[in-house]
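Please open the structure in your viewer and keep the selection tool at hand. We will go from stop to stop, with a word on what to select at each one.

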Amino acid sequence: MTEQSQWNVRPHGQLTPVDDGLWVVDGEVRMPPGPLPRRMTIALLSGGELVVFSAIALAEAEMAKVEALGRPAFLVVPNGWHRLDAAGWKARYPGMVVVAPAGARAQVEEVVRVDDTSGDFGDGAVRFMPVPGTAGEAALVVRRPAGTTLVINDLIGNVQDARGIMKLALVVMGFGGRRPQVPRAFKARAVTDAAAVAGRFREWAALPDLRRIVVSHGAIIEAEAAGVLRRLAEGLAPAKR
């Protein structure tokens, strides 16, 4: 077994419900300046299968809770950098379909084979959405009776509780600050067409009954989710008047 495919458990919290059939687990990964918060999101499909977005290897007690929800069927690696635990999940569940955006395929396949870039889960309530204007970034749109949740990755940073040198590093990179923002580090390495990304933000802002934005790094955005997307879109590419 390669190092990447080993089940390496790093600090994490508990499986937490966000909406009907939608859960998150918050964890952290050690970086040179300090701990970086990260988040895994799990969505239940109508057929009883699970979509795992930005996977985190969990301790056995939490994995038992995950397995009680349904069968892990789809493993979404949302970009070429969020692949740390992907091979471990694939080794644990060999039948999982690994999904990644086309632009990230080569980078993801350095650690795990990508099976699909279209992300058709067979359930219209859970949609895989590649982000145009990026070098391989993807999101999920999850519709539930109580509203719609947007699950994104590195497009928006919202870390507000970092401390010490790590706080300074996250602010400089744009993942931390007083309000949600498109990280400067992400724009520099992954945004190839700011207008296209802004267009996707505006499309998401128009989603019916958008209730929240689940980000991979930082606090979940529960207040004025559509307004946050419109503000960030204007910062990337002002709308034509």
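A salt bridge here is a side-chain nitrogen of Lys or Arg within 4 Å of a carboxyl oxygen of Asp or Glu. Keep in mind as you look around that this is a predicted model.

**Stop 1**

Select Glu 234 and Arg 202, whose side chains meet in a salt bridge at 2.7 Å, N to O. Glu 234 belongs to helix H7 and Arg 202 to helix H6, so this pair ties together parts that are 32 residues apart in sequence.

**Stop 2**

Leaving aside neighbours within four places in sequence, Phe 201 is in contact with Leu 155, Ile 156, Val 182, Leu 229, Leu 232, Ala 233 and Leu 236. Together with Ile 156 and Trp 204, Phe 201 has the most contacts inside the largest nonpolar core, a set of 30 residues. Now colour the elements that give two or more residues to this core: strand E8 (138–144), helix H5 (184–190), helix H6 (194–205), strand E10 (210–214) and helix H7 (225–236). The largest share, seven residues, comes from H7. Another core lies apart from this one; its 25 residues include Val 25, Ile 56, Tyr 93 and Val 114.

**Stop 3: the sheet under the helices**

Next, show the strands E7, E8, E9 and E10, which form an open sheet in that order with mixed pairing. At the edges are E7 (126–130) and E10, each pairing on one side only. From one strand to the next, the twist averages 20 degrees. Zoom in on E8 and E9 (residues 147–151): they run antiparallel and are joined by five bridges. Val 142 stands opposite Thr 149 in E9. Bring the helices back into view: H6 lies across E7, E8, E9 and E10, at about 160 degrees to E7. H7 also packs on the sheet, where it touches E9 and E10, and its direction makes about 60 degrees with that of E10.

**Stop 4: salt bridges across the sequence**

The structure holds 17 salt bridges. For one of them, select Asp 19 and Arg 212, with an N to O distance of 3.4 Å. Asp 19 is in strand E1 and Arg 212 in strand E10, so the pair ties together parts 193 residues apart in sequence. Asp 19 is buried, at 14% relative accessibility, and so is Arg 212, at 11%.

Then move to Asp 85 and Arg 10, whose side chains meet at 3.0 Å, N to O. Asp 85 sits in the loop between strand E5 (71–76) and helix H2 (86–92), while Arg 10 is in the segment before strand E1 (16–19), 75 residues apart. Asp 85 is buried at 3% relative accessibility, whereas Arg 10 is partly exposed at 24%.

**Stop 5: two backbone details**

Most residues other than glycine have a negative phi. Which way does Ser 54 go? Its phi is positive, near 60 degrees. Look for Ser 54 in the loop between strand E4 (49–53) and helix H1 (60–69), where it is buried at 5% relative accessible area.

Finish at Asp 209, in the loop between H6 and E10. Asp 209 has a positive phi of about 55 degrees and is partly exposed, with a relative accessible area of 41%.

Note on methods. Residues are numbered from 1 along each chain as its sequence is written. This is a predicted model: local features need pLDDT of at least 70, side-chain atom pairs count only at pLDDT 80 or more; totals for chains, interfaces and linings use all residues. Side-chain values use heavy atoms; hydrogens and water are left out. A nonpolar core is a set of buried Ala, Val, Leu, Ile, Met, Phe, Trp, Tyr and Cys residues joined through side-chain atoms within 4.5 Å. Buried means under 20% relative accessible area, exposed over 50%, partly exposed in between (1.4 Å probe, protein chains only). Helices (H or I, at least four residues) and strands (E, at least two) are DSSP runs, numbered from the N terminus. Contact means heavy atoms within 4.5 Å. Two strands pair if DSSP finds at least two bridges between them. Axes are lines fitted to C-alpha atoms, for helices over the stretch in contact, and angles run from 0 to 180 degrees between N-to-C directions.
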